[in-house]
Amino acid sequence: MSYCCGASMVGTKGTLKHYRTQVHNVPLLFCPVCHRVEVHYKVENEYEILAEYAHGDGAGEIDFQDYVVEDDETIFENVVNCEKEDPKDIVQSQIDMALDLLTIAKQMQDEKWEGELKKRLAVMSQRRLRLQHKA
């Protein structure tokens, strides 16, 4: 599981640009609070090798799935949420987890972590309100 802003990141797939080469369908981890994106650690080495070779060959675009055979279920087995889930469920899960962690941070008297979690809760609460208004 990967963490950012005090709680878990969401698993997804996306396109990354490596110099002039676009690499599609790369397994990623995404922070729903600060929007930080990173290559999933299970495929990070494969991504770097593939992107370097593609760039060296002058390829404009490649599909990560064509070269890496590990399936999505195996790659994302350790994430709390995936982008394919209902957005309301993702937000609620993120809020619940942040509240649980906030209790622990308070018990540990870790003010920095508490602050990160409160920021995360504020962002997720706003997102939940927007989703509720759309429904």
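Two exercises with worked solutions follow, on a predicted model.

Residues are numbered from 1 along each chain as its sequence is written. Local features need pLDDT of at least 70 and side-chain atom pairs count only at pLDDT 80 or more, while totals for chains, interfaces and linings use all residues, and side-chain values use heavy atoms, with hydrogens and water left out.

**Exercise 1.** Describe the overall architecture of the protein, from its secondary structure to its burial.

*Solution.* Start with the elements: the protein has 4 helices and 7 strands, taken as DSSP runs numbered from the N terminus (helices: H or I, at least four residues; strands: E, at least two). Then consider the extent, where the C-alpha atoms fill a box of roughly 55 × 35 × 25 Å along the principal axes. Finally, turn to burial: 40% of the 135 residues count as buried, that is, under 20% relative accessible area, whereas exposed means over 50% and partly exposed lies in between (1.4 Å probe, protein chains only).

**Exercise 2.** Locate Glu46 and determine which surface patch includes this residue.

*Solution.* First, find the element: Glu46 lies in helix α1, which spans residues 44-57. Second, check the accessibility: Glu46 is partly exposed because its relative accessible area is 33%. Third, identify the patch, a negative one formed by Glu46, Glu70, Asp71 and Glu73; patch residues have over 30% relative accessible area and no salt bridge, with like charges joined within 9 Å, a salt bridge being a side-chain nitrogen of Lys or Arg within 4 Å of a carboxyl oxygen of Asp or Glu.

Notes. Patch = residues over 30% accessible without salt bridge, like charges linked within 9 Å, V, L, I, M, F, W, Y side chains within 5 Å. Areas by Shrake-Rupley, 256 points an atom, 1.4 Å probe, with all protein chains shown as cover. Lys, Arg positive; Asp, Glu negative; His and termini not counted. Charge placed at Lys NZ, Arg CZ, Asp CG, Glu CD.
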